[in-house]
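User: I would like to go through the labels attached to this model and see what each one rests on. Please take them one at a time.

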Amino acid sequence: MTDTETPLLHDRPRDRISFGPFALSPRERLLTMHGAPVEIGGRSLDLLIVLTEQPGRVWSKRELLNRVWSDVVVEDGSLRFHMAGLRKLLGEGKGGARYIATQVGVGYAFVAKVERQAMVRAGLPMPLLTETPATNTRHLPPRMPLLIGREHDVRLLSERVIDTQLFTIVGPGGVGKTSLGVEMGHVLAPAFQGHVAFVDFSLLENAALVPGMIASAMGIVVQSDDPLAVILGHMREHPILLLLDNCEHLIEEVAHLVERLIEAAPHVRILATSREPLRVRGEHIHRLNALACPEETDALSAREILAYPAVQLFHDRACAADTALTIDEEAVQLIAGICRRLDGMALPIELAAVRVATHGIHATARELGERFSLGWAGRRTALPRQQTLQAMLDWSYGLLGAVERIVLERLSVFVGPFSIDAALAVAADDMLDSEAVVSALFSLTAKSLIAPKLSPDGSIYRLLEMTRAYAREKLRLRGAEAFNQSAARHAGFFLAELGAVSGEEESLMPDTQPLRQQVGNICSALEWCFGPEGDRDMGVRLAAASTPVFLNLSHLGECRNWCARALEDMAEARHGTAIELELQGALGITLMFTRGNSRVAGQALSRALEVATALDDRWNQLRMLGRLHIYHERIGDYAIAMELAGRAVRVAGRIGDPEAIGIAYSLSGISQHLAGNQRRAREELEISLAHCPVSSRNRTIHYGFDHRNRSGIALARTLWLSGHAEQAASLARQTVSLASRLDHPVTHCIALIWSLTLHIWMEDFATAQETLEAFTTCAQVNALGPYMVAAAGFRGEIAIRSGRSGEALTEVEDSLARLRAARYELLTTPFSITLARGLMLEDRRQEARDVIASTILRCEAIGEEVALAELLSMQAEIMQDAPETAIGLLREALDIALRQGARAFAVKAAIALATRLEALDRRDEAIHALARALRDADSADTPDLRHARELRAALRR
């Protein structure tokens, strides 16, 4: 057989493979470069086909010889010769190109980026799978440079995960589940267009926070008590791969949540890792076995032993830890014994390999053997997997010095990452100075008991979950005093850190994103402080200091709960202080957004204002006045809201800062708008916009919502009522766009909901429908309950205004009832008008009359006069059988609209009045009514104005 007649090396057909400028078609035995065929010898082509089967895998020389020269006996020299020729042909090294890497003493690996066209069921092509890291995945850790011994697992999961809603990788701790899960995230990212979210539950202790962790990993801002609804809202938009790592300690909560996800979101694919199956419907289990290691080594050469994945892993990690390490045949035999004793478990192997760098292979093998003589060998397969990990950790702990043990135990109070400064604050005391702690920290890191991560702000460290749990138990065994001292220092450190953040002066609410990963530590510290052996006063101070972090990260439920707990346990000496002010203010606004406009929320905000006033803290007075203003506006207490706005103007005058003036006039302008005084509303809202700084997320979170944005959307409504429709529409679009970029769902929903009413007033139902879709999505994705109720009402309103009732009437009725139950009265007037319209469509005239009459009485009682002209016009429309009464109502509506400066409502009332008068042959009165409405409006052009002009012209003829 000639060199070009080598038989096909693989059993199944292979599709086209691309790398660099080359394309390889194994079935056609064709290699092309930029589309042109490349002359290549048969053996060299066979080598390339084998190497590209599993990019990144190190193929031993024996494996390559067996695959490529299966028909003849050759020496290693032939392999080296053909490998050199293949590298030259591919242009290895030219322009930095790298295709084939040599691992000395082991073999070769194909290391270039590879793309292949895979096939799925029914013969349909799947998007190209790129076997390099994805660049737009969320929180996905970097893949291992070389994932050893998992080629079969990667291949199987690549083929199955896409078509299966739930796959769980099950295996003992330390077997490599996380590494495989991360690898699958990178491999499958192109098939999901980069929509891959990685959730590491090892940072989490509280099962109730599982949905919030998933939402955070997906990059979702959650401002509600129902993160699951938010997650589902996002998942309905596009397929996503969700990687849930380390589920075992939260198995019940994760199982229930996963079952909900796969039922409600058919496009989601979930790949979980756990020590036990989730045991939910539709679960497919992939059991991850230990890495293969030789059972007997007497008959094997060193090269054959090194071909086993477990030994490969040990060799790779040991050489990386000590580049000068020499591995001879005796050492290979010892390594095989170590791997066998460790059951091929990846993490213990890595820990042992790193230990080799300082103790040597012989000493490590001897120590491990001595530990197994105490019972490890007998328990390795007989006891649960947790016992295997316990044994490994016992051994690791036994190798530590006394100072290293103490430092490891004290660092176990951290939940998630920590800095060197944090480690020093917790681990150092009178017994251990800073130098000893730093030395121990570096030593523990070198031994892989602490995982380092470089960041722009310096090195960050983290204990693996199982190591932290083990060390935490050891700390508890030292006694309650030892544990509480470490926990107290831990809480004190984060109290100081949060205090430093709040003390920064460059903005009202400094950027707390660097503290995003510290939420677990903050919550853990709070739990200890309010626990049976904790420090209550420290907990109160920590809860107050942590509110900016919780609010910035939209953990409103967490913020609400800790504020309530702190206020409950707050000592008398803290009453009336800045700490109480912050706790009450945060409690009020989080209650309002998560549980509606309850009286408890109003009481908390009122108390915060009372404290700020007593402290003569004018900026916080203004902040709390803003929160109370929107609270009373939402519950329909317009007179109180007006009083609060006036007080804000006075406080801002004493502050004398442009931003304060902008905030105060935002409140006042909105109150004037709702009271029906559109001329003054426009003046004050324009003052607000002239003084408010450019919107920023930090200011939005500090105040609770964006004042500038509210001023903008309120001014848009005021402009339309004043007869400036084009300006109003333009400003509304601009304001909604700016709100969407603030990444603050409440502010976005406020802008959308007010612009919705504007588009409905303008009878631009196409734009209203688009706005409603955006509003509904924002409300659903963020589980903002009152807004979700309002969305249903708006759907009915658009349908009724378009001439359809039926189900739309029921939607509006249901929405009204639910809004009133939630004490969200701001929308009840427009929805009542819509309800009356719907009743009219169904010829239920008396019911419509009753709805409008009661609504007018309510608006007059609470001072919501902005709607009076529209309500009177609607009441007149109902009075078809009483023309003179209708004419009187329309005259009153026209007078009110003109007095308020609401020219748009005036024109509508004048058209209806003129039409009624014309029917009674009272043309002069009709012309006079139209003239009043059209005065100073001749330059504007809207459908209503055109209608009014045409009607006036026809009456004059």
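User: What makes the pair Asp895 and Arg932 a salt bridge?

Analyst: This is a predicted model, and in it the side chains of Asp895 and Arg932 meet with an N to O distance of 2.9 Å. The cut-off is 4 Å between a side-chain nitrogen of Lys or Arg and a carboxyl oxygen of Asp or Glu, so the label applies. The pair links distant parts of the chain, with Asp895 in helix H38 (residues 883-900) and Arg932 in helix H40 (residues 923-934), 37 residues apart.

User: Why is Asp895 called partly exposed?

Analyst: Its relative accessible area is 34%. Buried means under 20% and exposed means over 50%, so a value in between is partly exposed. Arg932, with 24%, is therefore partly exposed as well.

User: Is Glu53 buried or exposed?

Analyst: Glu53 has a relative accessible area of 19%. The cut-off for buried is under 20%, so Glu53 is buried. Arg67 has 24% relative accessibility and therefore counts as partly exposed.

User: What makes Asp569 and Arg536 a salt bridge?

Analyst: Their side chains meet at 3.2 Å, N to O. With a limit of 4 Å, the pair therefore counts. Asp569 sits in helix H21 (residues 556-569) and Arg536 in helix H20 (residues 536-552), 33 residues apart. Asp569 has 24% relative accessible area, so Asp569 is partly exposed; Arg536, at 33%, also counts as partly exposed.

User: Which residues have the most contacts inside the largest nonpolar core?

Analyst: They are Leu411, Phe418, Leu583, Phe775, Tyr787 and Phe794, in a core of 196 residues. Helix H31 (residues 745-761) supplies the largest share of this core, 11 residues. A second, separate core has 36 residues, including Phe201, Leu228, Ala255 and Val781.

User: What is Leu583 in contact with, leaving aside its neighbours within four places in sequence?

Analyst: Leu583 is in contact with Val540, Ala543, Ala544, Cys563, Ala566, Leu567 and Met570. Contact requires heavy atoms within 4.5 Å.

Terms used: Residues numbered from 1 in each chain as written. Predicted model: local features only at pLDDT ≥ 70, side-chain atom pairs only at ≥ 80, totals over all residues. Heavy atoms only, no water. Core = buried A, V, L, I, M, F, W, Y, C linked by side-chain atoms within 4.5 Å. Buried < 20%, exposed > 50% of the residue type's maximum accessible area, 1.4 Å probe, protein only. Helix = DSSP H or I, 4+ residues; strand = E, 2+ residues; numbered from the N terminus.
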